[in-house]
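Here is a short report for a first look at this protein. Start with the strands, then turn to the whole.

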Amino acid sequence: NCYATETLTNSYMFIQNGTYGYTLNTSGTFAKITNDRVASTTILTGGSGYTTPVVTFSAPPSGTTATGTVQSSGGVVTGITITNAGTGYVTAPSVTIADSGGGTGTGATASCLLNAFPAGPLVPGAVFLDSTIYVATKAGRVYGSNLNDPTTWGALNYISAESEPDNLVGIGKHLNYILGFGEWSIDFFYDAGNAIGSPLSVAQSYKSEIGCANGDSIVQFEQTIAWIGRSKTVGTAVYIMDGVSPVKVSNPYIERILGNSTLADVKAYAFKFNGHMFYVMTLHDLNMTMVYDINEKQWYQWSLWCLGSTDL
């Protein structure tokens, strides 16, 4: 399965398949996100006396060498902007800062980190919030990209879902929150604008003890989100989010069907027709498709009838 989301101004389409991340830009270039290039630099000491500082990155074993430009103020190096991230790096390159303007600049040092797109398995979902793409791993970490740049992922840009000792099974967006769906719980994250690490922080008061049975059942639509949830006391049911509270919308008939399924192979989506919003879920092991009409609060079973099936 693949999960996709757009970025700000549609400059990229981001796609993840559970193992790798990919981007599709406006020129039609489809590319895999790789971790063999420079993602960020950190000034360790600013030095003094620089007039025209320049930076040099050591060359990779193969590929292209990274390049960058240096910012300074009052002869002190203050930052490095990467102009070419390079390719082929196995470890982070060394960084050398020199003065090419005939000045006496000395003492500036810096380090860098390689791109750090998270290693899979990734859980279902790809979410865009405040110019950042987020994905999550089963181990419970929610990772973010650089601002409006899904090709670059900082090694420290992650936050852990730690409210319960369960694995994540999916990620979604609701209102202005990132939702980390665990097996028995849901964590809410909001953009706190943190300068170090992930910009996200945990909204601790909104934590829910309704989890998710299968991340492929999570569907976002029109101010809410629906999923097949489960808890240690209530069992398995279908929920939608009302504000920040899960509300059970399945009836005993639907819950008996869910109870007969392994829920290992679920597909779900939403669509709107004639003013009605529908949540559609298919349980492949039972070969059944159940549909919930959000507006009418009614459930239906959909079937495909055809003649001459041997011609299909």
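Two strands count as paired if DSSP finds at least two bridges between them. The model shown is predicted.

**An open sheet and its helix**

By that rule, four strands make an open sheet in the order β19-β20-β21-β22, and their pairing is antiparallel. β19 (219-221) and β22 (245-248) stand at the edges. Each has a single partner strand, so one side of each is left without a neighbour in the sheet. From one strand to the next, the twist averages 40°.

Inside this sheet, strand β20 (residues 224-231) and strand β21 (residues 235-242) run antiparallel and are joined by six bridges. I228 stands opposite V238 in β21. Helix α1 (residues 252-260) packs on the sheet. The helix touches β20, β21 and β22, and its direction makes about 125° with that of β21.

**A hairpin**

Elsewhere in the chain, β7 and β8 form a hairpin with two residues between them. G74 sits in the turn and has a positive phi of about 60°. The two strands pair in the antiparallel sense over seven bridges. T69 stands opposite T81 in β8.

| Strand | Partner | Bridges | Facing residues |
|---|---|---|---|
| β7 (residues 67-73) | β8 (residues 76-84) | seven bridges | T69 opposite T81 |
| β20 (residues 224-231) | β21 (residues 235-242) | six bridges | I228 opposite V238 |

Strands of a sheet pair through backbone hydrogen bonds, either parallel or antiparallel.

**A buried threonine**

Is T23 buried or exposed? T23 lies in strand β3 (residues 21-25). Its relative accessible area is 5%. Buried means under 20%, so T23 counts as buried. Which residues touch T23, leaving aside its neighbours within four places in sequence? They are Y12, M13, T29, F30, A31, I33, P150 and T151.

**The whole protein**

The protein has one helix and 26 strands. Its C-alpha atoms fill a box of roughly 80 × 50 × 35 Å, taken along the principal axes. Of the 312 residues, 45% are buried. Among contacts between residues at least 6 apart in sequence, 49% join residues at least 24 apart.

The protein exposes about 15400 Å². Carbon and sulfur atoms supply 51% of that area. There are 13 positive and 21 negative side chains. The centres of the two sets lie 4 Å apart.

Methods: Residues are numbered from 1 along each chain as its sequence is written. This is a predicted model: local features need pLDDT of at least 70, side-chain atom pairs count only at pLDDT 80 or more; totals for chains, interfaces and linings use all residues. Side-chain values use heavy atoms; hydrogens and water are left out. Buried means under 20% relative accessible area, exposed over 50%, partly exposed in between (1.4 Å probe, protein chains only). Contact means heavy atoms within 4.5 Å. Accessible areas come from the Shrake-Rupley method with a 1.4 Å probe; for residues, only the protein chains shown count as cover. Lys and Arg count as positive and Asp and Glu as negative; His and the chain ends are not counted. The place of a charge is taken as NZ of Lys, CZ of Arg, CG of Asp or CD of Glu. Axes are lines fitted to C-alpha atoms, for helices over the stretch in contact, and angles run from 0 to 180 degrees between N-to-C directions.
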